[in-house]
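Thank you all for coming.

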Amino acid sequence: MVGGKQLENIKKMFKEFKSIFVSEDLLKENEQHANIVTAATMLNVFWLCIIVWILTYSEVFKIEMEIMNSMTIRAFILLAIPACICYLKRGNGKLIKHVLFICFTIMMGMADALLKYNVTLAMVLPIILSARYYNKNFTLGIATLTTIVFCTSAFMSVNVGQQDLNSYNLIIPQNTQIVVDGTLRDAVIEIKVDETQRLKNIFIHLFLPKFFLFNIVAFACVQIARSGKKMVERQKEITEKGKRIETELNIASLIQKNMLPSIFPPFPEHKEIDLYASMTPAKEIGGDFYDMFLIDDNHLAICIADVSGKGVPASLVMMISKILIKNVTLIDAEIDTALTRVNKMLCDGNKTDMFVTCWFGILDLRDGKLEFANAGHNPPLIYSNKKNSFEYLRSKPNMVLAGFDTTSYIKHETYIEPGDKVFLYTDGVVEATNEENKLYGEKRLQDFLNEHSSLGSEETIKTLKKDIDKFVGKAEQFDDITMLELIYKARKDDNIVQKEFKAEVNELSNVQSFVETELSKYNIANEIINHINLAVEEIFVNIANYAYKDKNGNCLLTIQNDEDKIIKLVFEDNGIPFNPLERPDPDITKSVDEREIGGLGIFITKKLMDDIEYKYEDNKNILIITKNGGN
Amino acid sequence: MNIDKKQIGSFLTITIDGRLDTNTAPDLEKELGTLEGIEKLIFDVRGLEYISSAGLRLFLSCQKKMNEQGSMTIKNANEDIKDIFDITGFSDFLTIE
């Protein structure tokens with residue numbers, strides 16, 4: 001057992017000893033930097049040596065040239081070369097530090113031996129540099145090495161290098177005469193003295209004081225190493241904590257993103273609506289949200305909201321609000337009572353002063369009736385297809401949600417028509433600020449939407465976001481930017497079908513049978529179907545022959561039939577912009593000789609259809625013919 | 001579209017059956033040829049269900065030609081076809097029976 005304990009002790013000692021040679025992971029990077037610092041210092045000492053050599057050569061310093069030469073060569077071998085190797089390896093390598101310090105310490109020892117009192121500070125350089133490694137054991141090792149080297153050099157340098165005259169404790173009898181042949185210094189040195197006495201002098205008066213001071217420096221360096229290590233460890237802890245928080249924020253951001261409807265179109269079976277929304281948070285997670293859900297097959301709810309504040313606190317309130325609004329509304333489909341209840345629930349237990357602004361609407365898809373309530377939110381923009389313009393829908397807002405639990409919300413009502421749009425947004429849009437502290441503003445938003453009123457909801461929101469980003473420029477986004485657009489394309493029970501055809505004349509029979517098949521489903525009289533197909537021929541053949549010149553292209557035909565049997569056919573192509581309505585009608589009163597051949601097709605169409613309209617939007621020719629299928 | 005051609009001397013009768021539209025008009029045009037030496041041209045359109053501007057253009061160019069060398073008549077047009085002729089003013093210069 002005794003042997004066992006001894007073995008354990010030896011193992012422990014070896015481990016400690018090993019830690020001088022095997023750097024812990026924690027300090028590896030630190031060690032690389034420290035190696036570079038050490039190499040730099042060694043190189044500086046080497047340059048200093050060169051400078052001193054030059055000064056000695058030009059006789060500014062009174063040192064023997066021999067000694068200086070020897071110093072410089074040793075400095076080159078023991079300082080410059082190891083330092084360069086270290087630079088080449090960029091401070092990497094387990095043994096670099098030991099090579100550097102052994103060479104450095106030995107060099108300092110030699111310097112002390114050769115130049116003695118001129119290089120008093122040399123002794124402490126290695127140990128001070130060792131503190132940079134923040135490794136107590138390493139510093140102790142260097143302290144030991146320095147002690148050994150200096151004792152050795154003190155001993156071996158008794159008779160080499162520059163001589164320190166202080167070591168000659170001269171006891172000369174009074175009135176002795178000294179003859180100076182060369183220098184006074186040489187003369188003194190040649191005086192015979194007691195060598196043991198001299199050794200004792202060197203040791204006691206020259207070596208010991210320096211050694212005591214060295215020990216004090218060593219002690220300080222050990223303390224530096226220890227506290228440095230503590231600092232590095234704490235830094236590592238903080239970095240790891242920061243990384244963990246960052247990871248958690250990223251996950252929270254994903255959770256939040258998944259909570260908002262992000263699959264578009266959200267209700268593909270409802271072809272009568274075009275719906276798109278986006279939320280861009282200012283930080284990793286935001287406090288804005290939007291929502292869209294079907295209460296039943298005939299009622300669509302859309303909602304946009306803004307929680308006061310940003311970041312984690314706002315996002316928590318945002319999640320609760322969104323879930324409450326949807327779930328309460330699904331049970332109690334009246335906007336006013338639903339919001340009033342949600343508000344009470346949010347106020348319950350709301351110890352922070354956070355609140356939520358919200359605009360909430362329910363659209364009856366059958367007739368376009370839009371009921372809505374406004375809890376302190378920005379007024380939405382409504383696009384009227386008839387007037388071809390976006391206007392702000394202003395109503396007296398109620399108090400924000402989660403403000404007072406006694407707030408009761410008022411239901412407002414308006415009607416929208418097929419072709420109309422509803423645009424919802426949050427503060428982050430109108431209050432987006434550029435570097436000159438100018439706001440994007442309500443007017444700019446309205447103007448932008450009016451200029452781009454022919455785009456679909458996804459295009460509108462994406463291009464608007466780009467416009468806001470362009471406006472903001474290099475300034476930081478300081479608020480969440482959220483937008484939602486709903487296009488009410490047709491009343492729900494109106495019928496819409498769509499088909500794409502190659503714009504080729506031989507496709508005509510396919511187009512016409514498509515039209516015939518669809519229209520006969522709605523019990524439209526044959527005569528009317530025939531007239532419509534005549535118009536279809538004229539228009540389609542025109543597109544097939546001229547829209548794409550020699551290239552291939554398609555024509556998209558949409559057939560829409562509403563409850564009143566008003567039939568609309570829309571022809572769309574991406575060909576050369578051409579308005580067939582611009583051609584003047586042929587003069588049908590002209591005699592046969594004067595009659596021209598052209599223009600007949602469109603003329604027939606105009607005569608047979610109730611209405612014909614052309615527009616060029618989104619790089620498309622759009623021709624719309626309307627016929628009342630009821631008469 | 002079915003085209004039946006009966007020629008006796010300078011008397012040509014074309015019976016058209018079906019639809020006269022952009023795709024079928026070139027066939028009729030081929031059948032008519034240059035109308036060289038024809039003095040009387042009759043179109044029997046009893047079976048014609050549908051005519052579009054392509055067909056109208058063809059009738060117009062035939063009428064112009066026949067005005068120089070003879071006469072042209074369109075027979076047995078149904079109500080729908082007559083409607084189209086009226087709307088486009090073709091009934092003013094076509095001889096329709």
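Let me begin with confidence, since this is a predicted model: chain A has a mean pLDDT of 86, and 93% of its residues reach 70 or more. Within chain A, the element with the lowest mean pLDDT, 62, is helix H1, residues 2-21, while strand S9, residues 420-425, has the highest, 96. For chain B the mean pLDDT is 89, and 100% of its residues reach 70 or more. For the complex, the predictor gives an ipTM of 0.86 and a pTM of 0.56.

Now to the empty space in the model. Rolling a probe the size of a water molecule over the atoms shows where such space is left. Here, the structure holds 2 cavities of 30 Å³ or more, and the largest cavity contains about 90 Å³ of space. Which residues line the largest cavity? From chain A they are A:Asn530, A:His531 and A:Leu534, and from chain B they are B:Glu49, B:Tyr50, B:Ile51, B:Asp80, B:Ile81 and B:Ile84. The elements that give two or more residues to this lining are helix H15 (526-546) of chain A, together with strand S3 (40-51) and helix H3 (79-87) of chain B. Sorted by class, the lining of the largest cavity has 5 nonpolar, 2 polar and 2 charged residues.

The second largest cavity holds about 30 Å³ of space, and its lining is made up of A:Pro265, A:Pro266, A:Phe267, A:His270, A:Ile273, A:Asp274 and A:Leu275. By class, those residues divide into 5 nonpolar, 1 polar and 1 charged. Please look at A:Pro265 for a moment, a residue placed in the loop between helix H8 (195-259) and strand S1 (273-280) of chain A. The peptide bond that leads from A:Phe264 to A:Pro265 is cis, with omega near -5 degrees.

Another loop to look at runs between helix H5 (125-131) and helix H6 (136-156) of chain A, and A:Tyr134 lies in it. A:Tyr134 has a positive phi of about 50 degrees, although it is not a glycine.

Let us return to helix H15 of chain A, this time for a pocket. The second largest pocket contains about 620 Å³ of space, and 30 residues line it, of which the closest to its centre are A:Glu538, A:Asn542, A:Tyr546, A:Phe578 and A:Arg583. Two or more lining residues come from each of H15, strand S13 (566-573), helix H16 (600-608) and strand S15 (620-628) of chain A, and also from helix H2 (53-69) of chain B. Which of these gives the largest share? That is H15(A), with 8 residues. The lining of this pocket, taken by class, has 16 nonpolar, 8 polar and 6 charged residues.

My last stop is a pair of helices in chain A, H9 (residues 311-331) and H10 (residues 335-347), whose axes come within 9 Å and cross at roughly 145 degrees. How do they pass, in a left-handed or a right-handed crossing? H9(A) passes H10(A) in a right-handed crossing. On the H9(A) side the contact is made by A:Ile320, A:Ser321, A:Leu324, A:Ile325, A:Val328 and A:Thr329, which meet A:Ala338, A:Arg341, A:Val342, A:Met345 and A:Leu346 in H10(A). The residues of this contact divide into 8 nonpolar, 2 polar and 1 charged.

Notes. Residues numbered from 1 in each chain as written. Chains lettered and ligands numbered in written order. Predicted model: local features only at pLDDT ≥ 70, side-chain atom pairs only at ≥ 80, totals over all residues. Heavy atoms only, no water. 1 Å grid on protein atoms, 1.4 Å probe; cavity = no way out; pocket = protein on both sides within 12 Å on 5 of 7 lines; lining within 4 Å. Points joined across faces, edges and corners; volume = space filled by probe spheres on them. Helix = DSSP H or I, 4+ residues; strand = E, 2+ residues; numbered from the N terminus. Nonpolar A, V, L, I, M, F, W, Y, C, P; charged D, E, K, R; others polar. Axes fitted to C-alpha atoms, helices over the stretch in contact; angles between N-to-C directions. Left-handed = near helix turned anticlockwise from the far one by under 90°. Contact = heavy atoms within 4.5 Å. pLDDT = per-residue confidence, 0-100.
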